[in-house]
Amino acid sequence: MSHSDSIQSHLKEARKFPPAPEFAQAAHCGSMADYEALYQRSIDDPESFWAEIAEQFHWFRKWDQVLDWQRPNARWFVGGQTNIAYNCLDRQIENGRGDHPAIVFEGEPGDQRTLTFRELRDEVVRFAGALKQLGVRKGDRVTVYMPMVPELAITVLACAWIGAPHSVIFGGFSVQAILDRVEDAESEIVITADGGYRRGGVVALKTHVDDAAARTDRIRKIVVLQRCNNEVTMQAGRDHWWHDVVADAPTDTPAERCDAEDMLYLLYTSGSTGKPKGIVHTTGGYMVYTATTARYVFDLKPDDVYWCTADIGWVTGHSYVVYGILANGVTTLMYEGAPNHPDWDRFWDICARHRVTKFYTAPTAIRAFMREGREHVDKHDLSSLKLLGSVGEPINPEAWMWYHEVVGRGRCPIVDTWWQTETGGIMITPLPGATPTKPGSATRPFFGIDPAILNMEGVEQGPNAGGLLCVRRPWPGMLRGIYRDPDRFVKQYWSAIDGVYFAGDSSRRDEDGYFWIMGRVDDVIKVSGHRLGTMEIESALVSHPLVAEAAVVGIPHEIKGNAIAAFVTLKAGVEPAAGLRGELSKHVADALGSVARPEQIRLTQALPKTRSGKIMRRLLREIATSGTVTGDTTTLEDFSVVARLAEEQDKAV
Ligand code: WT7
C-alpha cells in the first residue's frame, strides 16, 4: 500500500448511456429519483430498510434484532432462523414455480439437462439425506471439488439444507490447494467427480483428490460423481459413488433450522500472505443481500433465462449462479466448459439456443472475444439478450464499448459490478433501469452501502482524487470473519484505516459521485479476473530445490488484464540449464493451478532491496514493463543491482 498516497487516475471517459425508456419503464427501479430515494432510506434507516426486505423470505423464526454491530463484528437478523436452500427451493414451489426450470445445463460435449424447481428440490433433499447417512452433521465442513455440472449446485444446496458449511474449491486448482483447504477447514469429506470436460479433454478431478488424501489423514469419505467415465480407483470404505449413495438415501430429510448467523460457507481466497484465507459467510444476511442485489442489478423477471459464466468455485458462482438467482425463482444456466470449445462462438451459440436474457461475464473474456473478431458473435441471433454484466476486474472503456455494440447490439444496458469474495454480493453497480452508465465506471453504491475514498490518514478525498476504496457501514452480505483467525480478520480488513472496511482496491469518485475502480494496491494481482497473492507464487517458486529467492509482480496484459512476471535468483553455484524457466513455470502451476503460471520468468543475479532487506517490487514492476527504472531509488541498498537487472532484460523470455 506504500504507493497509495500518490494514486493518480489517468482515465478520462466522457460518454454516458442513459437507460432506454422501455427498459426503465418495466424495471424494478426505473429512475434515478427512485434510486436516490431508496438509497437515502437505506442509509438513514438501514434496519427498517433491510427488515422490510427480509420479511419477504421464509423464516422458521423471526429475528429479534435486525443488526448487532460491534465494530468490526456484525450480526444480522439476530435470533432469526431460516434455511437458504429452503428459500431457493420450497419457497419457490409454494409460489407456483415448481414446474419452472431452475437449472438449464449444457455440458461441454453438448449434453443438456433441465431441472425444474421441483426436480432440483428432490435431488437436493435426496443428496442431503445421503450426506447425513455418510455421517455429516450440522456445522461439519464439506469440501467440494467438482466440474460445473448440476450436481455441483445440488451439492452446495444439500449442504445448506442440512446446515453443513460447504467449502468449494475451483476445479482448476491443484492438489496442494485441496490439501491446504481441507486442512485449514478440518474437513473430513470431499465431494468430487471422476472428471470434468475442459477444452475437449478430461480433467482428472478424482486423481487430484486421491493425491491430496494420500498426504493427510483428515479425509475419511469421498463421494464421486460419474461424469466422464474416465478410470478412477475407488478405495473401499472411504470412496463412494454418488449414484450409490443417493440410491440408498431417504427422501424426506427436513431442512435444518439454521440460525441467521450459522456459517453457510467457507470460500478461500488470496491475500497478502502466502496462506489463502477462509472467508466466512453466514446464512440470513447473505441470503437477503444476494437475492436483493440479484433482483435489482439484473432486474430479474419470472421469465428470465439468466446466465453467469463464472464457475461455482468462485464467489460469483456462489452468489450469482446459485443462491441469489434461485432465491428469486429464476432460471440459472450452467455451462461446464471452455468459452472457445469447439470454437470461439460457443457462448453466443448457447445464448442463442437457450434464448438467454441476462448475461454476466468477466472483462478478460470480453477482451479475448474482441481479439478473435466479431464474426463469432455476429453469426448468432442474440435478440433475446436484455442486459449484460461485467465483474472481476476493471473493464476498459474499449472492451465496454465492444460489449455494448457487438454483443448487446446497442440495446442492452451494461452493469459493471464491483464487489469481492469478502463482500458476499455486489456493492457498487448501476441499476439498469435507472443509472446512466459511463464506460469503465461501476457507477454508484447499492442500497445500504456507504463507500468512501479515503487517504492513508482516513481523510475523505474530493472529486476525482484517487484513494483507498473503503466501506464505512456494515451490510448484510459482508464476511463475518476469516475462518479460525479473528486477529487476521481485524488486521486485514479493519486496520489500514481504523474501524472502516478496506480490502485492497484504489478508486476515485467523479463529480457525479461515480466510482472508477483503479485496481489493487496490496500484494494481490488480478490475472484474468482471478485473484492471486504474490506471496503464494513466491513461496511456490522458492519451494523449488534450485531457487534461492523470488519476487513476483503484475505487468499489464492485453487479454488477462495483468500477467505475472517472476524474478528468480538461483542457489549459489547453480547454473541455469536450458528449460529451467519452463520447469519453474510448471512447478508454480502444479502448486497453485494453471491460473498462476507466470507469463515471464527472469533469472537474475540479485533482487533490488532496501537497506532493511525489503524487496523493492516497484522497481521490478518498472523493469518488467518498461525495461528501465525512472522512479526513486534512494532507499536501494545496492545500486548496481538495478543496472544489472536492466541488462539481464535482454536475455529474459
Ligand atoms: C477484486 C475481488 C467480485 C467477484 C469476483 C471477484 C476486483 C471485482 C470489479 C469491477 C473493478 C473489480 C477488485 C476486487 N474487481 N469486480 N467491476 N471493477 N475491479 O472476486 O476474487 O474476491 O476479487 O476483484 O480488485 O477487490 P474476488
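Predicted model: local features only at pLDDT ≥ 70, side-chain atom pairs only at ≥ 80, totals over all residues.
**A ligand site and a helix pair**

Good morning. A polar side-chain atom of Arg531 lies 2.7 Å from an oxygen atom of the ligand.

In Arg520, an N or O atom of the side chain is 2.8 Å from an oxygen atom of the ligand. Gly392 takes part through its backbone, where an N or O atom lies 3.1 Å from a ligand nitrogen atom. On its own, the ligand has 550 Å² of accessible area, and the protein covers 95% of this.

Which elements give two or more residues to the shell around the ligand? They are helix H12, residues 315-326, strand S21, residues 414-417, and strand S26, residues 515-520. In total, 17 residues surround the ligand, and the closest are Asp416, Thr417, Thr421, Asp505 and Arg531. Sorted by class, the shell comprises six nonpolar, five polar and six charged residues.

I turn now to a pair of helices. The axes of H6, residues 117-133, and H7, residues 150-162, come within 8 Å of each other and cross at roughly 65°. Is this crossing of H6 and H7 left-handed or right-handed? The crossing is right-handed.

By class, the residues of this contact divide into 12 nonpolar, one polar and three charged.

Thank you for your attention.

Key. Residues numbered from 1 in each chain as written. Heavy atoms only, no water. Axes fitted to C-alpha atoms, helices over the stretch in contact; angles between N-to-C directions. Helix = DSSP H or I, 4+ residues; strand = E, 2+ residues; numbered from the N terminus. Left-handed = near helix turned anticlockwise from the far one by under 90°. Nonpolar A, V, L, I, M, F, W, Y, C, P; charged D, E, K, R; others polar. Near = heavy atom within 4 Å. Polar contact = N/O pair within 3.5 Å; in protein donor to acceptor, adjacent residues only side chain to side chain. Areas by Shrake-Rupley, 256 points an atom, 1.4 Å probe, with all protein chains shown as cover.
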